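Subject: Handover of a structure and findings

Dear colleague,

Please find below the structure that I am handing over to you. The findings follow directly after it, grouped by topic.

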Amino acid sequence: MRAGKKAIAALLLLAAVVLGMPSQSRAASGVIQFSSENDRIQRGDVFTVICQVTSPGSFLDTEFIVNFDSDKLRFIRGGGKVAASGGTLRFTSVGNETPTTKKTFSLQFEALKKGLVSLEVDGTARMTDSEGAPLSVSSNRLILRIVKRGEADSSYGTSPEPSPDSLSEPTQVPAVTPEPSKSSENRLRELGVAALGFHPFFSPEQTEYEAEVDCRTDILYVTFRAADSHAVVKLSGNKNLKEGVNHVRVVVTAEDGSKRVYRIAVTKESARETAKREKKSGSGGKNDASSGDGDSLSGASKNSGAAALSDSSENDGNTSWGAASQGDGMSGANRTLAFVIAGLVMLVLLLIFVIIKMSMKKKEAENDGEYLDF
């Protein structure tokens with residue numbers, strides 16, 4: 001009983017200590033602040049306003065809208081995260097993977113008419129932390145005065161002053177956060193074709209190649225892999241091959257828009273040339289895959305992928321097959337050999353079946369007390 005009273009007393013003392021402790025909760029928050037080097041702008045001047053989004057902790061994404069007087073200001077540029085429509089700017093920085101404490105946008109305007117203009121957030125701004133939880137957001141209002149060109153930098157005169165709480169606090173203009181650089185990598189890592197020959201050896205820097213196909217090939221298989229996964233690869237000219245020289249193009253477009261063109265001069269044999277070559281070599285004339293390893297007539301390409309039955313195909317950086325066709329080309333000798341092998345296989349299967357049936361009959365006879373000698 002005494003032990004129970006002591007336990008209750010200890011719990012009451014702990015509750016009193018907890019309730020007596022001061023509460024120090026702090027809600028996560030973010031701030032959107034506008035600033036400019038000058039608050040007086042001459043008409044016709046182009047000037048910059050800095051919009052800085054910060055959080056004492058860190059944040060991941062942000063979205064908000066800013067309004068301005070489009071009769072007095074003309075928006076020029078603000079980076080890829082800012083979209084303009086009339087007197088509205090929409091800031092969208094979403095899908096980020098790395099939390100940050102600050103994002104900076106540089107907004108460029110041209111002053112059109114004299115008078116007071118302001119920039120402020122319209123409605124509710126959205127900021128989320130690294131866990132996707134929303135932050136409370138506050139913002140200031142930036143007010144600028146557009147004056148006649150050549151007007152002295154004096155006080156505002158008789159014009160009404162804006163209220164102190166609506167003016168932005170003086171801040172040092174922060175450095176602009178640079179836009180992430182885009183890759184200029186526009187080379188291929190691998191290139192191969194299904195052909196009688198492909199040369200010279202493939203090299204990412206080598207852009208001119210030659211290939212040969214037989215008279216039965218109307219479409220050429222092309223395998224490729226971009227060096228950068230963000231590059232886009234387009235294939236053209238590999239379908240409806242004509243007798244003689246055909247020109248196949250593999251165009252690699254880097255993330256920054258720069259292009260590199262790999263050209264393959266494909267020579268298609270005439271029926272007479274194919275027959276003459278097959279008679280001399282004793283082959284059926286089938287085009288084998290080649291990975292830029294000289295004139296070898298065999299050896300599969302290191303690349304693999306699904307067939308794309310079109311003149312032009314695109315690739316996002318992974319291995320892809322362009323459309324192709326290989327001649328049937330099986331000679332009479334090869335066809336006869338195939339029939340002989342098939343007949344032998346059928347004979348072996350029949351023999352196995354007979355042996356199994358005889359074994360089953362023998363077992364049945366043994367079970368009946370008989371012995372069958374064969």
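Asp69 has a relative accessibility of 28% and therefore counts as partly exposed. Please bear in mind throughout that this is a predicted model.

**Salt bridges**

Asp69 is one partner of a salt bridge, the other being Lys72, and their closest N and O atoms are 3.2 Å apart. Over the whole structure, the search finds 14 salt bridges. In general terms, side chains of opposite charge can pair when their charged atoms come close.

A further salt bridge is formed by the side chains of Arg141 and Glu120, with an N to O distance of 3.6 Å. This pair links distant parts of the chain, since Arg141 is in the loop between β11 (136-139) and β12 while Glu120 is in strand β9, 21 residues apart. Arg141 is partly exposed, at a relative accessible area of 32%. Glu120 also counts as partly exposed, at 32% relative accessibility.

Arg149 and Asp45 likewise meet through their side chains in a salt bridge, at 2.4 Å from N to O. Arg149 is exposed, because its relative accessible area is 53% and the cut-off for exposed is over 50%. Asp45, with 26% relative accessibility, counts as partly exposed.

Finally under this heading, a network of salt bridges links Glu185, Arg187, Glu205 and Arg260.

Strand β12 covers residues 142-147, and six of its six residues are buried, so the strand is largely enclosed by the rest of the structure. In a regular strand the side chains alternate between the two faces of the sheet. In β12, Leu142, Leu144 and Ile146 point one way, whereas Ile143, Arg145 and Val147 point the other way, and all are buried.

Which strands pair with β12, and in which sense? Strand β2 (residues 40-42) pairs with β12 in the parallel sense over three bridges. Within that pairing, Gln42 has Val147 of β12 as its bridge partner. Strand β9 (residues 115-121) and β12 run antiparallel and are joined by five bridges. Gly115 is found opposite Ile146 in β12.

**Aromatic pairs**

The structure contains eight aromatic pairs. One of them brings together Phe91 and Phe105, whose ring centres are 5.2 Å apart and whose planes stand at 80 degrees, so the pair is edge-to-face. Phe91 is in strand β7 (residues 88-93) and Phe105 in strand β8 (residues 100-111), so the pair ties together parts that are 14 residues apart in sequence. Both Phe91 and Phe105 are buried.

Phe198 and Tyr209 form another pair: with ring centres 5.3 Å apart and planes at 25 degrees, the pair is stacked. Phe198 lies in strand β14 (residues 197-199) and Tyr209 in strand β15 (residues 208-213), so parts 11 residues apart in sequence are tied together. Phe198 and Tyr209 are both buried.

**The surroundings of Phe91**

What is the relative accessible area of Phe91? The value is 1%, so Phe91 is buried. Apart from its neighbours within four places in sequence, Phe91 is in contact with Cys51, Thr62, Glu63, Phe64, Val66, Lys81, Val82, Phe105 and Leu107. For one of these residues, Val66, the C-alpha atom is separated from that of Phe91 by 7.9 Å, although Phe91 and Val66 are 25 residues apart along the chain.

**Cysteines**

Cys51, one of the contacts of Phe91, is buried, with a relative accessible area of 0%. Cys215 counts as partly exposed, at 24% relative accessibility. How many disulfides are there? With a cut-off of 2.5 Å between cysteine sulfur atoms, the count is zero disulfides.

Yours sincerely

Definitions and conventions
Residues numbered from 1 in each chain as written. Predicted model: local features only at pLDDT ≥ 70, side-chain atom pairs only at ≥ 80, totals over all residues. Heavy atoms only, no water. Buried < 20%, exposed > 50% of the residue type's maximum accessible area, 1.4 Å probe, protein only. Phe/Tyr/Trp six-rings, centres within 6.5 Å; stacked < 30°, edge-to-face > 60°. Helix = DSSP H or I, 4+ residues; strand = E, 2+ residues; numbered from the N terminus. Pairing = 2+ DSSP bridges. Salt bridge = Lys/Arg side-chain N within 4 Å of Asp/Glu carboxyl O. Contact = heavy atoms within 4.5 Å.
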